[in-house]
Amino acid sequence: MQAPFSFDGPAALLVEWGGAARLGALMAAWFSQRNLLIVTDRFLHEAGLLEPAKTSLAAEGYVVTVFDAVVADPPEAVLLQAVEQARAQGCDIVLGLGGGSSMDIAKLVAVLLHNDQPLKDMYGIGNIRGHRAPLVQVPTTAGTGSEVTNITILTTGEKTKMAIVAPQLYADRVLLDGALTLGLPPVQTAATGIDAMVHAIEAFTSRHRKNPLSDLFAKEALRLMAAHLVTACTDGSSRPAREAMLLGAALAGKAFSNSPVAAVHALAYPLGGHFHLPHGLTNALILGPVLRFNMKAAAPLYAELADVVGAPGSGGVTERAGAFVAFMEDLMDRSGAPRRLRDCGVPEESLPLLAHDAMLQTRLLVNNPVEVTEADALTLYREAF
């Protein structure tokens with residue numbers, strides 16, 4: 001018998017190489033609003049990556065305002081600055097164009113444009129009241145899956161992050177244009193790609209809300225990314241690899257927004273908070289130790305994933321599960337992503353503090369197939385060091 005479950009996501013998704021160059025025509029067909037805020041970061045803006053979209057939007061009569069002050073791990077102040085600019089310009093529709101941080105900010109700008117609910121009251125799950133302005137998401141990295149999720153992560157203090165999870169954060173439309181990822185450097189390609197693979201793995205092994213649809217998305221995401229990650233890192237101009245990675249990241253996003261992530265992310269967040277390491281990289285650094293730690297409960301699921309990614313070897317459940325873990329570690333080595341905390345400037349004396357802070361991520365730890373104590377977390381950080 002099938003247990004009851006639900007599965008949610010953005011209203012519509014378009015996959016089209018070069019689609020950003022006709023974004024104006026697409027959006028004109030989708031919405032009546034014409035006063036647009038683009039949320040992005042300064043690097044993408046100055047590099048000219050927005051120009052094809054802006055030219056297309058202008059041709060359709062859009063008044064375009066660009067907010068390009070998004071930074072990695074964005075603090076609340078960046079969000080509020082974006083909202084202030086959007087209100088001052090009378091914006092009535094929002095486009096997130098960039099990496100996960102830009103898309104996360106775009107979600108909440110769309111909410112706060114027409115909502116006087118205090119931001120502090122939105123943290124947690126299902127706490128946003130009311131509606132939002134129309135929202136379109138266009139990712140330029142293949143990793144976070146933020147374009148298809150209902151989650152925003154903000155930095156709320158000097159070292160802490162908090163999540164807002166609500167159905168209002170799902171976009172109305174998503175465009176996956178693989179051409180926008182062509183300029184992504186190899187190390188960033190590796191880190192964001194592994195981030196997306198972590199999303200798929202943790203969705204497939206999550207203790208809560210795992211369901212047949214999330215499993216399908218997670219498996220296909222892993223299949224695509226396992227086959228194309230190394231090529232995307234070593235031959236960044238490969239259209240098949242870039243398209244596969246971008247689609248895989250979105251499918252993984254759909255999976256984990258319904259079957260949530262767990263201990264890898266819980267241990268990754270303190271690394272980002274204390275040392276300002278990119279989120280995808282922190283997931284890559286901690287993935288191997290957590291996979292081995294979870295073997296005692298997740299071995300049957302890892303054995304299934306071994307077949308999905310084409311891990312070599314045969315044998316029973318334990319052997320195939322081990323083959324999956326070995327495959328992932330070899331894949332990360334071949335991708336060129338940094339593999340040790342010490343190589344990323346994390347001092348050994350900080351590990352107890354990181355373990356303490358990881359325990360604050362109860363929203364995530366509850367989903368892990370194996371309970372994680374503070375002592376366990378410290379052991380995992382030491383293994384990753």
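Predicted model: local features only at pLDDT ≥ 70, side-chain atom pairs only at ≥ 80, totals over all residues.
Residues are numbered from 1 along each chain as its sequence is written, and side-chain values use heavy atoms, with hydrogens and water left out.

I placed Gly61 in the loop between α3 (51–59) and β3 (63–67). Helices (H or I, at least four residues) and strands (E, at least two) are DSSP runs, numbered from the N terminus. I also looked up Ala28, which is 33 residues from Gly61 along the chain; their C-alpha atoms are separated by 8.9 Å.

**Cavities**

I found two cavities of 30 Å³ or more. On a 1 Å grid over the protein atoms alone, a cavity is a set of points where a 1.4 Å probe fits but cannot get out, a pocket is an open set with protein on both sides within 12 Å along at least five of seven lines, and lining residues have an atom within 4 Å of a point. A volume is the space filled by probe spheres set on the points, which are joined across faces, edges and corners.

The largest cavity holds about 70 Å³ of space. I listed 14 lining residues for the largest cavity, with Glu202, Thr205, Asn294, Tyr302 and Asn368 nearest its centre. α6 (186–205) and α10 (279–309) are the elements that give two or more residues to this lining, and α10 has the largest share, five residues.

The second largest cavity holds about 40 Å³. Its lining is made of Val15, Glu16, Trp17, Leu176, Gly178, Glu243, Leu246 and Leu247. I noted that helix α8 (residues 239–256) gives the largest share of that lining, three residues.

**Second largest pocket**

I read a volume of about 300 Å³ for the second largest pocket. It is lined by 16 residues, and Thr160, Lys161, Met162, Leu360 and Gln361 are the closest to its centre. I saw that β8 (161–165), α9 (263–275) and α13 (362–365) each supply at least two residues of the lining of this pocket.
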